[in-house]
Amino acid sequence: MYFKLKNRFPAVSLFTALLLSFSPVPASADTELTPIVIAHRGASGYLPEHTLEAKALAYGMRADYIEQDLVLSKDDHLIVMHDIYLDKVTDVAEKFPARAREDGHFYTIDFTLNELKRLQVAGPFVPALGRNTPVYPGRFPLWKSRFALATFDEELELIQGLNHSLGYNTGIYPEIKKPYFHHAEGKDISRAVLETLKRYGYTSAQQKVFLQSFDAEELQRIESTLMPELKMDLPLVQLIAETDWEEKRVKVNGEWTNYQYDWMRTPEGLKKIAGYAAGIGPWFPMLIEEVSSGAGLAPNTLTERAQALGLQVHPYTFRADPQQVPESIGSFEDLLALFVNRVKVDGLFTDQPDKVRDYILSRSISSQSISNHAER
Ligand code: G3P
Ligand code: CA
């Protein structure tokens with residue numbers, strides 16, 4: 001890959017977050033033709049990721065969908081957080097110093113919900129540099145105010161409650177994190193996620209939901225076994241990683257090794273994915289390439305090939321923070337212009353849903369004014 005950006009790390013009351021967040025920006029009138037805005041870990045560019053406050057802010061910014069990364073606790077509660085470790089977003093090292101495993105990590109799955117609720121949430125920060133070095137220095141200051149981990153149930157009740165009180169229909173976009181790890185720990189996280197979704201009324205695409213995972217074999221199991229058993233038919237999204245990110249590990253000859261992701265971007269691979277999924281979620285640099293003439297970056301064929309098979313394309317993660325836009329592209333707006341107007345993606349995961357929404361809205365207003373002008 002010619003540049004490396006994916007950051008793997010990536011109390012304000014709920015009421016305050018909502019009050020601060022509502023803008024008079026209307027929903028786009030042209031939703032079929034415009035890409036969806038997916039709030040990545042909530043409005044995580046402004047408040048600690050995956051907190052209920054970050055989700056309320058994303059809701060107020062009128063994201064179309066709000067993302068939930070999910071892992072299991074020791075007592076089988078689904079917790080909304082990105083890593084299977086607590087290290088980068090909580091004060092677990094201070095509150096439970098003796099509870100790290102031999103590898104030095106504090107695993108969410110080793111803690112009960114009661115224990116997890118005692119943790120303070122901040123960041124993300126860089127644990128190797130101490131708890132006061134933020135991954136994104138311009139974001140909400142570390143350890144200020146009071147934030148907590150949330151359960152999946154709590155978050156679904158928040159979003160459904162806001163849908164009820166405000167009359168919008170904001171969707172959800174849960175991700176099952178590391179099924180291979182949960183299976184190795186004796187837990188079936190996919191079944192737990194599906195049962196929770198069903199309990200809250202999410203059983204098909206009609207309820208505005210996508211279910212995503214980096215694990216192709218687990219998505220196939222969900223499609224062929226779990227969903228038929230539970231009488232569900234959710235649209236699935238196959239996330240695509242680089243092999244060396246360790247998103248999925250498999251045992252080969254008794255040794256844990258990285259799952260090979262390269263097949264997913266081949267024509268045969270895309271056809272296979274189209275057999276069980278409604279879309280793909282690639283890292284955004286996977287959709288562009290350098291143009292040999294020196295004319296910068298241009299779309300490669302992946303989006304077009306996927307869309308021709310009926311797959312939606314929802315790349316991640318669009319971040320407006322300094323150093324998060326490839327130098328060869330320039331500004332965040334230029335990045336959005338490339339992916340919205342030229343790559344023509346169907347949706348964007350972003351830490352700054354307000355900026356992506358504003359961009360899409362301004363684009364649709366300017367195309368409307370061009371067409372009005374043409375009619376005269
Ligand atoms: O799920 C889309 C995007 O969030 C994938 O990356 O590592 O942030 O979950 P990650
Ligand atoms: Ca995710």
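Here is the tour, starting with the ground rules and the overall picture.

**Before you click.** This is a predicted model, so keep in mind that local features need pLDDT of at least 70 and side-chain atom pairs count only at pLDDT 80 or more, while totals for chains, interfaces and linings use all residues. Residues are numbered from 1 along each chain as its sequence is written, chains are lettered from A and ligands numbered from 1 in the order in which they are written, and side-chain values use heavy atoms, with hydrogens and water left out.

**The whole protein.** Switch to cartoon: the protein has 12 helices and 13 strands. These are DSSP runs numbered from the N terminus, with helices being H or I of at least four residues and strands being E of at least two. Of the 376 residues, 55% are buried. Buried means under 20% relative accessible area, exposed means over 50%, and partly exposed is in between, with a 1.4 Å probe and protein chains only.

**Stop 1: the core.** Select Leu-86, Val-193, Leu-194, Leu-197, Leu-211, Ile-222 and Phe-339, the residues with the most contacts inside the largest nonpolar core, which has 106 residues. Helix α11 (residues 332–343) gives the largest share of this core, 7 residues. (A nonpolar core is a set of buried Ala, Val, Leu, Ile, Met, Phe, Trp, Tyr and Cys residues joined through side-chain atoms within 4.5 Å.) Now centre on Leu-211: what does Leu-211 touch, not counting residues up to four places away in sequence? Its partners are Pro-174, Ile-176, Val-193, Leu-194, Leu-197, Leu-219, Ile-222, Leu-234, Pro-235, Leu-236 and Val-237, where contact means heavy atoms within 4.5 Å.

**Stop 2: the calcium ion.** Pick ligand 2, a calcium ion coordinated by Glu-67 (OE), Asp-69 (OD) and Glu-175 (OE) at 2.1 to 2.4 Å. Donors are N, O and S atoms within 2.8 Å of the metal (3.2 Å for Na, K and Ca), and water is not among the atoms, so sites may look incomplete. Along the chain, the donors follow the spacing E-x1-D-x105-E. Why is the arrangement around this calcium ion irregular? The 6 donor atoms subtend angles of 59 to 157°. Glu-67 is buried at 2% relative accessible area, and Asp-69 is buried at 0%.

**Stop 3: helix α2 and Thr-170.** Select residues 52–60: helix α2 is mostly covered, with 8 of its 9 residues buried. Just after α2, Arg-62 takes a positive phi of about 65°. Then go to Thr-170, in the loop between α5 and β4 (171–176). Thr-170 is buried at 3% relative accessible area, and among the residues it touches are Tyr-59, Ala-63 and Asp-64.

**Stop 4: Arg-139.** Jump to the loop between α4 (113–116) and α5 (152–166) for Arg-139, which is buried, with a relative accessible area of 11%. Its side chain makes a polar contact of 2.8 Å with the side chain of Asp-321 and another, also 2.8 Å, with that of Asp-351. (A polar contact is a pair of N or O atoms within 3.5 Å; within protein, one must be able to donate a hydrogen and the other to accept it, and residues adjacent in sequence count only if both atoms are side-chain atoms.)

Stop 5: Most residues other than glycine have a negative phi, and most peptide bonds are trans. Check the cis peptide bond between Gly-123 and Pro-124, with omega about 25°, and the cis bond between Tyr-316 and Thr-317, with omega about -20°. Ser-145 has a positive phi of about 60° and is partly exposed at 31% relative accessible area. Finish at Gln-323, in the loop between β12 and α11, where phi is near 70° and the residue is exposed at 69% relative accessibility.

Definitions and conventions. Tetrahedral: all angles 85-135°; square planar, octahedral: opposite > 155°, others 65-115°.
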